[in-house]
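Please examine the protein shown below. A briefing on selected parts of its fold follows.

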Amino acid sequence: MTGSWEETADVVVVGFGAAGACAAVEAAEAGARVLVLDRFGGGGATAISGGVVYAGGGTRQQRAAGVTDTPREMADYLREEVGDTVSAGTLRRFCEQSAAMIDWLAGLGVPFDARSCPYKTSYPTNRHYLYFSGSELAFGQSAPRGHRVLARGTSGRTLYTRLAAAARDRGAVVLTQTRAERLLADADGRVTGVECRTLRDAPGWARLGHRVLHRWSVKPGLYLPGLGRALHRRVAWLERRYGRPLRVSAGSGTVLCAGGFVFDREMMREHAPEYRGGLRLGTPGDDGSGIRLGVAAGASTAHLDRVSIWRFLSPPSAMLDGLLVDRDGRRVCDETRYGAAVGEAILRSPEARAWLLLDAAVLARCRRQLWTQTLWFQRWQVLWLLTFGRVTGATLEAVARRAGVDPAGLAATAGAATGPPPYSMIDVSVRNRTAVPAPMLTLGGLRVDEESGRVLGVPGLYAAGRTAVGICSRSYVSGLSLADCVFSGRRAGRSAAVGGPGRSAC
């Protein structure tokens, strides 16, 4: 690529989801001139998410709901999920700053609500916005920490819209339909800018086609992956045909917030070959491009083998009174655990197969709760599981044989704890393509300094969100990725704003 610089800024942010928007807000508030680049129209996986932010330690919403929580209790639980992925000090800061983080988001116009869900669910209905979004109950904790953004249906679009508006209100310039292709560096290896390909000057019909085709490649492409891939090929063709070179200089720092790599088959085969057959949760922008940009500049990675694959057993909440067993009839795990923990346990079971055993009384309660505890996207999944996804039998032995489960093993596991017949077994196997697919997302990324978000070994470069190793890079519970996007995005944005040559990066 030849030619002079065409755009300049103090801080360049690559990717405009939650992490990128938070980085842009913080950098702009620190006085930096901020330019945000996004391959599509912004939003990324944030905009199609449930819009849940994991927070605790005594948030305003927890207090209004009568919930008692402390940063220490929050850290005690999260250490079970996080392990040693981040240091104890970083986890402590995350928990201590958690309540203030929700207030910060609220100050940017992100709405929250204190109505607490009285039952365990994977995602609450429009009547509830504070809920147990992880495995807290399985660890004896009593504080719900899933803060769902106040909006009907899935709330991610509202979260993104408010964050994007806040970034623009603070002076950040957002250049959409612009793909970052290479990082530029000076003789000392310091990242000084980004080489891009942009549709900024493309014909209007090409820009419109790019927007529309991408939107359809995400939804319904999320549920119809073949359609999504076909549409995305046309999106990529428009970029190749009408994209023009653009150079952007970053005087202070460049922040990579380009998502994970669940949509890159080559990276998935290389780093996480076990995770196949799941529903890729994200957008075509989650193609590992941000991670590859960093690696090409000299960065190192960690936890690329960590993928969160989900198998939710509720709603309805009565499903949690069932017994989850493997092919040999042995119990798989605590049924009240979060869907990612359940999914991982099933994946480690023989042939990645599992069934949920329900007696007649539990099945009846599930049917009664179906219409009151589900949103539309949950309802059709539950209807499938309670009809086509189950087999029945008058005895444990009969239902086990119909499901292909060892009858003796099931009898030994269930014992005398089962209720009245007939019995049902619901196929909740991770790789059973006739059942509801199991969503998955990648968790690892570039290794960063935990004080500043600076990419280790690459001066002038920062990373956040799923492009970087973070709080949720070992295991995931609902809201923890978005919370980490806010936490790490703000950290990287602040640091990049003061991270120019001769200035501190902390």
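Which residue stands opposite Thr442 in S17? The residue opposite Thr442 in S17 is Val307. This is a predicted model, in which local features need pLDDT of at least 70 and side-chain atom pairs count only at pLDDT 80 or more, while totals for chains, interfaces and linings use all residues. Residues are numbered from 1 along each chain as its sequence is written, and side-chain values use heavy atoms, with hydrogens and water left out. Helices (H or I, at least four residues) and strands (E, at least two) are DSSP runs, numbered from the N terminus.

- S12 pairs with S17 in the antiparallel sense over three bridges; two strands pair if DSSP finds at least two bridges between them.
- Strand S10 (residues 279-280) runs parallel to S17 and is joined to it by two bridges.
- Within S17, Met440 has Arg280 opposite it.

**Helix H12**

- Helix H12 (residues 339-347) is largely enclosed by the rest of the structure, because eight of its nine residues are buried.
- Among the buried residues of H12 are Val342, Glu344, Ile346 and Leu347.
- The buried residues of H12 pack against strand S12 (307-309) and strand S13 (323-325).

**A three-stranded sheet**

- Strands of a sheet pair through backbone hydrogen bonds, either parallel or antiparallel.
- Three strands in the order S3-S5-S4 form an open sheet with antiparallel pairing.
- Strand S3 (52-54) and strand S4 (130-131) stand at the edges with a single partner strand each, so one side of each has no neighbour in the sheet.
- Three bridges pair S3 with strand S5 (residues 146-148) in the antiparallel sense.
- Gly146 in S5 has Tyr54 opposite it.
- Helix H6 (residues 98-107) packs on the sheet and touches S3 and S5, where contact means heavy atoms within 4.5 Å.
- The direction of H6 makes about 150° with that of S3.

**Helices H6 and H17**

- The axes of H6 and helix H17 (residues 480-497) come within 11 Å and cross at roughly 85°.
- Axes are lines fitted to C-alpha atoms, for helices over the stretch in contact, and angles run from 0 to 180 degrees between N-to-C directions.
- H6 and H17 are therefore roughly perpendicular to each other, a term for angles of 65 to 115 degrees.
- Met101, Trp104 and Leu105 in H6 meet Ala483, Val486, Phe487 and Arg490 in H17.

**Thr90**

- Thr90 lies in helix H5 (residues 88-96) and is buried, with a relative accessible area of 2%.
- The side chain of Thr90 makes a polar contact of 3.1 Å with that of Ser87 and another of 2.4 Å with that of Glu450.
- A polar contact is a pair of N or O atoms within 3.5 Å; within protein, one must be able to donate a hydrogen and the other to accept it, and residues adjacent in sequence count only if both atoms are side-chain atoms.
- Not counting residues up to four places away in sequence, Thr90 touches Glu450, Ile471 and Phe487.

**Phe388**

- Phe388 is in the loop between helix H14 (376-386) and strand S15 (390-393).
- Phe388 is exposed, with a relative accessible area of 67%.

Methods: Buried < 20%, exposed > 50% of the residue type's maximum accessible area, 1.4 Å probe, protein only. Parallel < 35°, antiparallel > 145°, perpendicular 65-115°, else oblique.
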